Amino acid sequence: MVTGAGGGMGRSHAVELARRGADVIVHDIIDGIAETAAEVRAEGCRAHELRLDIRDVAALKSGIAQAEAAFGPVDILVNNAGVSGRRLEFEDIDAETFDRMFEVHVRGTFFATQAVVPGMAARRYGRIVNISSIYAMGGSPWASHYASAKAAISGLTKCWARELAPRRITVNAVAPGFVVTGMTRGSNTEAQIAEREKGMPLGRLTRPEDISYAVAWLASDEAEMVTGQVVSPNSGETIVGI
């Protein structure tokens with residue numbers, strides 16, 4: 001299951017997982033889930049569309065239960081659903097904007113995971129990949145609400161990795177660098193995007209597929225011994241150590 005898979009990185013994650021043989025529950029609240037599902041099917045895999053607001057916990061849990069009953073159990077969950085920080089200065093972030101940021105990123109991630117963990121634990125197999133952000137690692141002067149929500153996701157990743165390891169469930173996060181998608185174009189001008197690319201140590205901005213390769217690896221059996229980690233494909237823009 002990939003949340004927020006109606007476009008951008010979420011669509012890329014769903015299609016990359018399908019290329020590697022995964023049937024995919026495609027979740028979003030937007031119309032793009034039909035196109036994503038079609039791309040998954042074009043890779044020879046099954047797709048199930050799940051359209052709902054991830055902030056509605058009752059609908060989310062009910063929807064996941066119905067999807068699993070009809071489509072099969074979730075062995076891989078990619079918590080990708082998110083909204084843009086819109087380059088807001090600290091003083092301009094109102095309560096509604098702040099709450100929406102945490103409801104989508106943190107509340108959505110938390111309760112989508114809570115819905116699938118019992119089944120994973122019963123099967124003693126699960127891969128959870130959360131989408132954090134480079135901003136959670138290095139900060140941002142115009143997105144403190146976004147960065148703090150993503151930092152919370154990184155924190156959940158480490159807590160769940162410890163708690164769920166005895167149940168043979170791995171939990172990791174991918175913290176993308178700046179990726180050009182419809183969402184990021186909504187909060188950056190083309191000039192800002194071009195200027196940012198000039199400063200990339202590896203010479204270009206990361207693309208959705210760069211992030212999806214990391215997601216797919218963490219979701220694979222090859223990453224069986226990897227848990228509690230935050231991986232950041234970011235073209236070298238932010239480099240942090242232990």
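Asn172 counts as buried because its relative accessibility is 0%; buried means under 20% relative accessible area, exposed over 50%, and partly exposed in between, with a 1.4 Å probe and protein chains only. The model is predicted, so local features need pLDDT of at least 70 and side-chain atom pairs count only at pLDDT 80 or more, while totals for chains, interfaces and linings use all residues. Residues are numbered from 1 along each chain as its sequence is written, and side-chain values use heavy atoms, with hydrogens and water left out.

Asn172 lies in strand 5 (residues 169–174). Helices (H or I, at least four residues) and strands (E, at least two) are DSSP runs, numbered from the N terminus. The side chain of Asn172 reaches the backbone nitrogen of Gly228 at 3.2 Å. Contact here means heavy atoms within 4.5 Å. Leaving aside residues up to four places away in sequence, Asn172 touches Ile128, Val129, Asn130, Thr157, Leu218, Val226, Thr227, Gly228 and Gln229.

Two strands pair if DSSP finds at least two bridges between them. Strand 4 (126–131) is joined to strand 5 by six bridges, and the two run parallel.

Axes are lines fitted to C-alpha atoms, for helices over the stretch in contact, and angles run from 0 to 180 degrees between N-to-C directions. Val215 is found in helix 9. Is Val215 buried or exposed? Val215 is buried, with a relative accessible area of 0%. Not counting residues up to four places away in sequence, Val215 touches His13, Val78, Val129, Ile131 and Val174.

Arg124 sits in the loop between helix 4 (95–123) and strand 4, and has a positive phi of about 55° although it is not a glycine. Arg124 is partly exposed, at 48% relative accessible area. Arg168, in the loop between helix 6 (144–164) and strand 5, also has a positive phi, near 65°, and is not a glycine. With 40% relative accessibility, Arg168 counts as partly exposed.

Elsewhere, strand 1 (residues 24–28) and strand 2 (residues 47–51) run parallel and are joined by five bridges. Val24 stands opposite Ala47 in strand 2. From strand 1 the chain passes through helix 2 (residues 33–42) to strand 2, a right-handed β-α-β crossover. Right-handed means that, with the strands pointing away from the viewer, the path from the first strand over the helix to the second runs clockwise.

The last topic is a helix pair. The axes of helix 3 (residues 57–71) and helix 4 come within 9 Å and cross at roughly 35°. This crossing is right-handed; a crossing is left-handed if the near helix is turned anticlockwise from the far one by less than a right angle, and right-handed if clockwise. Val57, Leu60, Lys61 and Ile64 of helix 3 meet residues of helix 4 including Arg107, Gly108, Phe111 and Ala115.

Conventions:
Polar contact = N/O pair within 3.5 Å; in protein donor to acceptor, adjacent residues only side chain to side chain.
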